[in-house]
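Notebook open, model loaded. I'm jotting down what I look up as I go.

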Amino acid sequence: MRAVVFASGGVEVAEVAEPKVLEPTDAVVEVSLSAICGSDLHLLDGKTPGMREGGVIGHEFVGHVVAAGAHAGAHPEGTRVVGSFLIVCGACVPCRERRFNHCTERRALGLGTLTGDLDGAQAERVRVPVADVNLTALTDAFAEILDEQAIFCGDVLATGIYAAHLAEGGPGDTVVVIGAGPVGLLCAASVRALGARAIVLDADPHRVEFARERMDLEALDVSEADAGEAIAEATGGAMAAATIEAVGHVSAFRSAMRTTANGGRVVIVGVYGSERYELPMGMAWIRGLDLRFSGMANVQAHWIEALTQVASGAIEPDATITHRMPLDEAVEGYRLFAAREAMKVILTPS
Ligand SMILES: [Zn+2]
Ligand SMILES: [Zn+2]
């Protein structure tokens, strides 16, 4: 079958072996749509090391179960499903407490040897371990959800809902989101769906425009302005009850501390690797800043809520999609995405 593979530090579309049911809890899913994610770029830029040469990339997908192991009964063959990027065991103590992102056997699809070396979903078919837990069915109340909407519920929108809960914004609160990429936009949409005022900040005027025009979000261009001053002005000096940092850069983290009110929450969703930062302890202490590092998104605890928000029309995640391409043109999709010419790229196997 055709798949996007890691090759010489980049990507190429190649012929690879068919995935098979290897464990009785596995399922194989025929992929109807996959997507390119910022996390995929981190494999290429070295932030996420350990991708194997020839390994299949991709962790955002929707499709149909075409083979199920003897103990993968929750989603029989033919079931339309969305998959989680986060692959968990479902049985350990953190999983039983629904803290799936702290599963003691945590893995991820298509993200390299440090997360289980599982082949990913930018392919015609993908093997999903512990399928009962790591797939969710698009049936009943979710049957009307389009593939282009459902695909977000296994990663980006589940992340947004998870982050919005960590931010604990409610009616009357302002929650700032730093970064108007797909994750930031869906964090802001989730914050708004939970009842708070969401303000998106980005230093790229095109992304600010996108947030306003395509997502109908309140967004401020901070390419010239200081983030703290911009939020002081927007909130009449009250500042944000919480800030979600959706960039994964120390400068964005510092901005997040400046936009947050004393006693407020700083939620760090952006991905970090080997970066270091010297925290002014006295400042953080006297201001009572509540720093909340998200870790990997707790997808399985939030994807039903994500699907419910989509089914109700409260969140339209597919508004982030700018490019739809055949899987065979994935190399061009990666180029557009890395160059920030694309907001979200969707790939269709032929
Ligand atoms: Zn992703
Ligand atoms: Zn577990």
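Which protein donors does the zinc ion (ligand 1) have? I looked them up, keeping in mind that this is a predicted model. They are Cys37 through SG, His59 through NE2, Glu60 through OE and Asp155 through OD, and they lie 1.8 to 2.2 Å from the zinc ion.

Next I read the spacing along the chain, which for this zinc ion (ligand 1) is C-x21-H-E-x94-D. His59 and Asp155 tie together distant parts of the chain, 96 residues apart. I found His59 in the loop between α1 (38-45) and β4 (61-68), and Asp155 in the loop between α4 (147-150) and α5. I checked burial for these two as well: His59 is buried, and Asp155 is too.

Then the geometry. The 4 donor atoms around the zinc ion (ligand 1) make angles of 91 to 141°, and the site is irregular.

What are the protein donors of the zinc ion (ligand 2)? Here I get Cys89, Cys92, Cys95 and Cys103, each through SG, at 2.3 to 2.4 Å. Their spacing in sequence reads C-x2-C-x2-C-x7-C. The angles among the 4 donor atoms run from 104 to 119°, and this site comes out tetrahedral. Cys89 and Cys95 are both buried.

**Domains**

I moved on to the overall layout. The chain splits into domain 1 (2-155 + 297-348) and domain 2 (159-293). Taken over C-alpha atoms, their centres are 27 Å apart. Domain 1 puts 22 residues into the contact and domain 2 puts in 24.

How much area do domain 1 and domain 2 bury between them? I have about 1900 Å², with 63% of it on carbon and sulfur atoms. On the domain 1 side, Lys47, Arg340 and Met343 lose the most area to domain 2, and together they make up 32% of what that side buries.

**Cores**

Which residues touch the most other members of the largest nonpolar core? That core has 48 residues, and the answer is Leu157, Leu185, Leu186 and Ile244. Among the elements that each supply at least two of its residues are β3 (27-36), α5 (156-167), α6 (182-193), β13 (240-245) and α11 (299-312). Both domain 1 and domain 2 give residues to this core, so it lies between them.

Leaving out residues up to four places away in sequence, Leu185 touches Gly179, Ala180, Phe210, Ala211, Met215, Leu217, Thr320 and Met343. Met343 is also one of the domain 1 residues that lose the most area to domain 2. Apart from this core there is another one, of 33 residues, including Val13, Leu111, Ala297 and Tyr334.

Last, I went through phi values. Ser8 is not a glycine, yet its phi is positive, about 50°. I placed Ser8 in the loop between β1 (2-7) and β2 (10-15). Is Ser8 buried or exposed? Its relative accessibility is 70%, so Ser8 counts as exposed.

Asp216 is not a glycine either, and has a positive phi of about 55°. Asp216 sits in the loop between α7 and β12 (218-221). At 61% relative accessibility, Asp216 counts as exposed.

Conventions: Residues are numbered from 1 along each chain as its sequence is written. Chains are lettered from A and ligands numbered from 1 in the order in which they are written. This is a predicted model: local features need pLDDT of at least 70, side-chain atom pairs count only at pLDDT 80 or more; totals for chains, interfaces and linings use all residues. Side-chain values use heavy atoms; hydrogens and water are left out. A nonpolar core is a set of buried Ala, Val, Leu, Ile, Met, Phe, Trp, Tyr and Cys residues joined through side-chain atoms within 4.5 Å. Buried means under 20% relative accessible area, exposed over 50%, partly exposed in between (1.4 Å probe, protein chains only). Helices (H or I, at least four residues) and strands (E, at least two) are DSSP runs, numbered from the N terminus. Domain bounds come from an automatic or database domain assignment. Contact means heavy atoms within 4.5 Å. Donors are N, O and S atoms within 2.8 Å of the metal (3.2 Å for Na, K and Ca); water is not among the atoms, so sites may look incomplete. Four donors count as tetrahedral if all angles lie between 85 and 135 degrees; four count as square planar and six as octahedral if opposite donors are over 155 degrees apart and all others between 65 and 115; anything else is irregular. Buried area is the accessible area (1.4 Å probe) that two parts lose on being put together, summed over both.
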